[in-house]
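Student: I have a structure here that I'd like to go through. Can we start with the aromatic residues?
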Amino acid sequence: MSATLSHAQIVESTPLHLHWRTEDDTAAFARRLAALPGLRHAFVELHGDLGAGKTSLVRHLLRALGVEGRVKSPTYAVVEPHATPDGLAVSHFDFYRFNDPREWEDAGFRDLFAAPGLKLAEWPEKAAALLPPADLVLQIEAQADDSRQVALGAGTALGAQLLQELRA
């Protein structure tokens, strides 16, 4: 598998490697992730090329958390807020079109990252200097057979705990 995580991003030295053969595998992983209590306070980075499945994973994760209604990519809005039925705030960021660090302050992203809740970020490398350390880092790589190779790393103690729970 060529999906790798740099040591600067991770505190857990052994990434978890997964192979999602179908969309159902992606949904099953999202349900496992959603069941982890620590996820409610996590910042998750999603890395991968266009079409790798980052937004699909977020959509499955939000559904697993109980979010109903349309779940769209925040590519143009940069962030889409969601709330679960039990009141968990979820911020889904897509920094693909993020170009100017002034947008960070103007859009109130610092406040969103300081607030409680789950943060999910696609294309985090576009805002890397402004983001806090990610708890979980996912690298998703699409394969020729439409499956996905996935590497998960932990960037914080919370991430290491989540990763350990996912291994169990």
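Student: Is Phe93 buried or exposed?
Tutor: This is a predicted model. Phe93 comes out at 0% relative accessibility, so Phe93 counts as buried.

Student: Which aromatic pair does Phe93 form?
Tutor: The whole structure has 8 aromatic pairs. In one of them, Phe93 is stacked with Phe113, at 4.7 Å centre to centre and 25° between the planes. Phe93 belongs to strand S4 and Phe113 to helix H4, so the pair ties together parts 20 residues apart in sequence.

Student: And Phe113, buried or exposed?
Tutor: Phe113 is buried, because its relative accessibility is 13% and the cut-off for buried is under 20%.

Student: Why is the pair of Phe95 and Phe109 edge-to-face?
Tutor: Because the planes of Phe95 and Phe109 stand at 85°, with the ring centres 5.9 Å apart; over 60 degrees counts as edge-to-face. Phe95 sits in the loop between S4 and helix H3, and Phe109 in helix H4, 14 residues apart. Phe95 is buried at 0%, and Phe109 is buried at 3%.

Student: Which residues do the ring pairs link into a cluster?
Tutor: Phe43, Phe93, Phe95, Phe98, Phe109 and Phe113.

Student: Different topic. Where does Thr22 lie?
Tutor: Thr22 is in the loop between strand S1 and helix H1. Its relative accessibility is 41%, so Thr22 counts as partly exposed.

Student: What does the side chain of Thr22 reach?
Tutor: The backbone nitrogen of Asp24, at 3.2 Å. Thr22 is also 8.0 Å from Arg148, C-alpha to C-alpha, although 126 residues separate Thr22 and Arg148 in sequence.

Note on methods
Residues numbered from 1 in each chain as written. Predicted model: local features only at pLDDT ≥ 70, side-chain atom pairs only at ≥ 80, totals over all residues. Heavy atoms only, no water. Helix = DSSP H or I, 4+ residues; strand = E, 2+ residues; numbered from the N terminus. Buried < 20%, exposed > 50% of the residue type's maximum accessible area, 1.4 Å probe, protein only. Polar contact = N/O pair within 3.5 Å; in protein donor to acceptor, adjacent residues only side chain to side chain. Phe/Tyr/Trp six-rings, centres within 6.5 Å; stacked < 30°, edge-to-face > 60°.
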